[in-house]
There are 2 protein chains.
Amino acid sequence: MGKKKGRADVRERFGLAVKVRREALGLTQEDLAAAAGIHRTYLSDVERGTRNLSLINVERLAAALQVTMAELFAAVDAG
Amino acid sequence: MGKKKGRADVRERFGLAVKVRREALGLTQEDLAAAAGIHRTYLSDVERGTRNLSLINVERLAAALQVTMAELFAAVDAG
């Protein structure tokens with residue numbers, strides 16, 4: 001199944017959702033990466049939509065962003 | 001950040017959410033795998049909680065299960 005026509009790739013929509021929430025919390029990439037236990041360069045890639053990240057890192061990011069995974073994906077679905 | 005004490009791993013909770021939704025739709029693993037464009041053995045591993053699947057396959061499975069990603073993760077969060 002391909003991506004929907006005219007819609008950004010799920011990796012890009014996820015990355016934007018992370019970035020928007022991170023900025024709403026007033027966190028830098030360094031802050032969030034440390035809280036989630038991931039590398040800052042990895043987080044930078046996630047936000048740019050170039051990482052096809054997996055469940056375990058999705059859960060870590062959601063926890064560090066203080067949202068449920070459902071809340072994070074609501075933004076991804078809407079993106 | 002480790003998994004929360006006493007809580008099933010996110011891979012197991014995701015797998016269960018997929019299985020419950022698949023069965024609610026009356027689909028076999030073969031049906032769902034074909035609809036999602038993934039291998040049946042891969043889907044079997046997902047449902048058993050042994051796959052740390054990534055955003056692109058999460059999106060494919062949600063679409064084939066006729067739910068939004070947020071709806072699918074609401075079940076994962078609750079699991």
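Biologist: At what angle do helix α1 (residues 10-24) and helix α3 (residues 40-47) of chain B pack?

Modeller: In this predicted model, about 115 degrees, with their axes 7 Å apart. Axes here are lines fitted to C-alpha atoms, for helices over the stretch in contact, and angles run from 0 to 180 degrees between N-to-C directions. The helices are DSSP runs (H or I, at least four residues), numbered from the N terminus.

Biologist: What makes the contact of α1(B) with α3(B)?

Modeller: Contact means heavy atoms within 4.5 Å. Residues including B:F14, B:V18 and B:R22 of α1(B) meet B:L43, B:V46 and B:E47 of α3(B).

Biologist: Over in chain A, why is A:R22 called buried?

Modeller: Buried means under 20% relative accessible area (1.4 Å probe, protein chains only). A:R22 has 7%, so it counts as buried. A:R22 sits in helix α1 of chain A. Leaving aside neighbours within four places in sequence, its contacts include A:L27, A:E47 and A:L65.

Biologist: How do you know that the copies are related as by a two-fold rotation axis?

Modeller: Chain B superposes on chain A by a rotation of 180 degrees with 0.0 Å of shift along its axis (RMSD 0.0 Å). The two copies are thus related as by a two-fold axis.

Biologist: Why say that the copies meet through the same surface?

Modeller: Because 96% of the interface residues of chain B are also interface residues in chain A.

Modeller: A note on numbering: residues count from 1 along each chain as its sequence is written, and chains are lettered from A in the order written. Side-chain values use heavy atoms, without hydrogens and water.

Technical notes
This is a predicted model: local features need pLDDT of at least 70, side-chain atom pairs count only at pLDDT 80 or more; totals for chains, interfaces and linings use all residues. Copies are superposed by least squares on the C-alpha atoms of residues with pLDDT of at least 70 in both. Helices (H or I, at least four residues) and strands (E, at least two) are DSSP runs, numbered from the N terminus. Buried means under 20% relative accessible area, exposed over 50%, partly exposed in between (1.4 Å probe, protein chains only).
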